[in-house]
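Take a look at the sequence and the structure below.

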Amino acid sequence: MISRTSLVLALALCGGAAEPGIDGLLARKWEETGVRPAPLCDDAEFLRRASLDLIGRVPRIDELKAFLAKPDRAAKIDELLASPDFPRFWSETWTAMLNGYASAFNSQRDGLRFWLEKKFRDNAPFDKIAAELVAASGISSVEGSVNFILHNSVDPAIKISRTFLGIRLDCARCHDHPFDRWTQKDYEEMARFFVPLQKEDLPAGNSRVRDNPDRAGGPKPRFLTGAQPVTSRWREDLAYFITTSKPFSRTFANRLWYHFMGRGIVDPPDDFSLKNKPSVPALLDFLAEEAVRTNFDVRAMIRKICASDAYRRSSRHDARDPRLEALFAYRMLKPMTPEQLFDSLVAALDAGEFRKRRDSFIRTFVGRSFGEDFSNVWRYRETVQDVMTKLTLDPKTPDGSLDELYLRLLSRAPNARERDLCRGRAPAEIVFALANSNEFFFNH
Amino acid sequence: MSCCTRRTFLGGSLGGFFAYALRHREEGLFAQESTGRARRCVVLWMDGGPSHVDTFDPKPGEETGGPTKAIETAARGVRIAAWLPQIARRMNRLSIVRSISSKEGDHLRGQYLFHTGYPLVEGFARPALGAMISKETPEARIPKYVSLGAAGFGPAFLGASHAPFSIEDLPQALDSLRAVGRKKERIKFLRTLDDDFDRAHPAEVLAGREEMLRKIEELSDTPFVRALDLDTEPSRDRERYGTSTFGRRCLAARRLLESGVRFVEIHQDGWDTHVDNFAKVGEVCGLIDAPWAALMDDLAAKGLLDETIVLWMGEFGRTPTINARNGRDHYPRVTCAVLGGGGLQGGRVVGETDRLGANVVKDQVGVPDLFATLVQAFGVDPKRRFRTEFGGTATLTDNGTPIKSLLQ
């Protein structure tokens, strides 16, 4: 195995490219640490994870058959990225990350989501997206981006630092950070960027967000790097400081990696600190440089990650080993979000007629109990009641043989043991079991 | 059934018990000097913000007192509004905190504060009291934190296993629990099919999900489901709770607490009395008086009151000033709460407001102090720190100080 790894490493290092790339950097790390990675997944598994990660649902049976007949992975990634479901699904996960599922202070969640969907559809550079979110002004029903600041208006500095810089100032609100460099003064000077921020309630549940220059009279704010605004439009200056900083590109790269791999190179992905260092520093540097080099081109970054062998590691492993997980030697499991689960059930069971119920389904499985923080979308959050409610849904039973049911729901044929267990069972029982199985519910 | 047997039974498996004992030894959960007797808690949540001056801090005869009258209660020298005659007769078991003051005059923010002990900061979620109590009580086969009539507030960094089991509609919840019960065999089949995948993925999340499936498979045979079937309650006892939604929730709460649930929140709205305050307060008080009294009586009769805290509260008080529409508006500066049972003192009054109920003039407390009192009553050190998901540590109660006169 060592010799195979060395071979990979050698190929990566002496190939045409001067840069070793994602796989070369990981191979080097595995070599150094004597880690043996899991084998690569098969084409059906690849299609399942790519579909879930990019368009938010499992492949339909016709898509699966077509791909297995002509398994061109790069073409498939392009096809998924061009689908209207890509910007829709990505705007949903980003909205959850930024605003959760509840709406505070008249913030209009859909307004933010539509705004993000358009940005992802147009492949807007991510630094521009972030800058617009930080500096947004206007009326909530007109300017979708403003709903991020509005929702997080109690303490925008905290959420913005965490989301776009991976820095948690939470502790520094009340005292100096116990095990990081940030002091209470850092927090206070960051928070000052938002002193002029003013929100007004307007009729019909709308709000206006703007900066009131009269409130910008006090001491100037200071960004974590020491930079201070040169204009009186403090939030615009802050947006510029943030998106041109190194933590921004590293956090962006790490977030994308987290989305696909289920684990950040820094993990959790919003906690870069002295005590929480990247597990593969060279890989993080490489991806962050790629982000800058491509001008924060989201689709280009996605293509790069999805084309790597790293993205195709099997999720199967013998024993849980946090060290192997940190080095991405096997694929992490990711629970489906409520959106993914609904869309996957509809796709697997040909149940388009239920589409109307999508919103209420999502509300049910997010609930107000989880009107909390969704910064890390892949955290497992199911409660007993969620699982119970899912078990009371009677999924529609499509026609077809046992093999077909398995292909629809699990993108694979049953093995001998499963054939045995399913013998004599009604299709409805089998669909119930597969639709509620761990293999269906987790992206693997 | 003796108290001990019941508790052993409810404590779940022996493994669970050992885990509990070990956890306590490691974390020094129970401070040596602690005398906390509380094991359960029921919150009567008065959504909208109940008027303190028309309930537990009446000001009859003052210019802003309105038509609300005050009556003597079973606690000497303690007078409450005449809208609550049955509760008045049980005030020897309940104490009033008249001096809670907060800054949160918005419903959502006030509700958040009174459910978590912390002000709301988006993106920095705090666990609800019910989740804290779920975390601090032994493992069980049944949900430990139940919210009746509302979704309930979440567990934040304490984790999804301490999320509320929300029962917004009782008959519907019972139906779906029974529907799951009928699917036992299918669930078993599903778990067998999961085996291969689970073996190839020795991940904690899968083990956790399998454990939930197992619990659900067994749930229909637990007292939890039977507790929700109010038809099995003798009709004479059922009548004391009445047929109102709040009454049925109180009865369900008592039965859930008996079945081993640790924390129940009962939701009652109608308190946001910006318009026509007095008629509305009279109406809601009429709804809650008898069922609340029945709940107190039953818990006492069953020997549960001594280890069950009963807590009545809402998100803020209301303005002493009566507005142009004969209503009262939000007034977080003075908020009152009523609590008893669980080893807490009854018949006492903490704090005092001025002539009109506009300012606290004695023993002002904050919501963190109320929460510290509650967790202390459970034998949990209010100063104990938890690791939050954002790296730092925090006490459960935002550095509150227990209210001594309620604990002694």
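This report covers the interface and then a sheet from each chain. The model is predicted.

**The interface**

The size of an interface is often given as the accessible area lost when the parts come together. Here, the area buried between chain A and chain B is about 5200 Å². Carbon and sulfur atoms supply 62% of that area.

Charged partners also meet here. Six salt bridges are found across the interface of chain A and chain B. In one salt bridge, the side chain of K183(B) meets the side chain of D394(A), with N to O at 2.9 Å. Polar contacts cross the interface of chain A and chain B too, in 17 residue pairs.

**Two sheets**

Strands of a sheet pair through backbone hydrogen bonds, either parallel or antiparallel. Each sheet below is open.

| Sheet | Strands | Order | Pairing |
|---|---|---|---|
| Chain B | eight | β6-β5-β7-β1-β8-β11-β4-β12 | mixed |
| Chain A | three | β1-β3-β2 | antiparallel |

Start with chain B. Which strands stand at the edges of its sheet? They are β6 (165–167) and β12 (349–350) of chain B. Each has a single partner strand, so one side of each is left without a neighbour in the sheet.

Strand β4 (residues 94–100) of chain B pairs with strand β11 (residues 335–341) of chain B. The two are antiparallel, and five bridges link them. Within this pair, I96(B) stands opposite V338(B) in β11(B).

Turn to chain A. At the edges of its sheet stand β1 (138–139) and β2 (197–202) of chain A. Each has a single partner strand, so one side of each lacks a neighbour in the sheet.

Strand β3 (residues 206–211) of chain A runs antiparallel to β2(A), and six bridges join the two. L202(A) stands opposite N206(A) in β3(A).

Technical notes
Residues are numbered from 1 along each chain as its sequence is written. Chains are lettered from A and ligands numbered from 1 in the order in which they are written. This is a predicted model: local features need pLDDT of at least 70, side-chain atom pairs count only at pLDDT 80 or more; totals for chains, interfaces and linings use all residues. Side-chain values use heavy atoms; hydrogens and water are left out. Buried area is the accessible area (1.4 Å probe) that two parts lose on being put together, summed over both. A salt bridge is a side-chain nitrogen of Lys or Arg within 4 Å of a carboxyl oxygen of Asp or Glu. A polar contact is a pair of N or O atoms within 3.5 Å; within protein, one must be able to donate a hydrogen and the other to accept it, and residues adjacent in sequence count only if both atoms are side-chain atoms. Two strands pair if DSSP finds at least two bridges between them. Helices (H or I, at least four residues) and strands (E, at least two) are DSSP runs, numbered from the N terminus.
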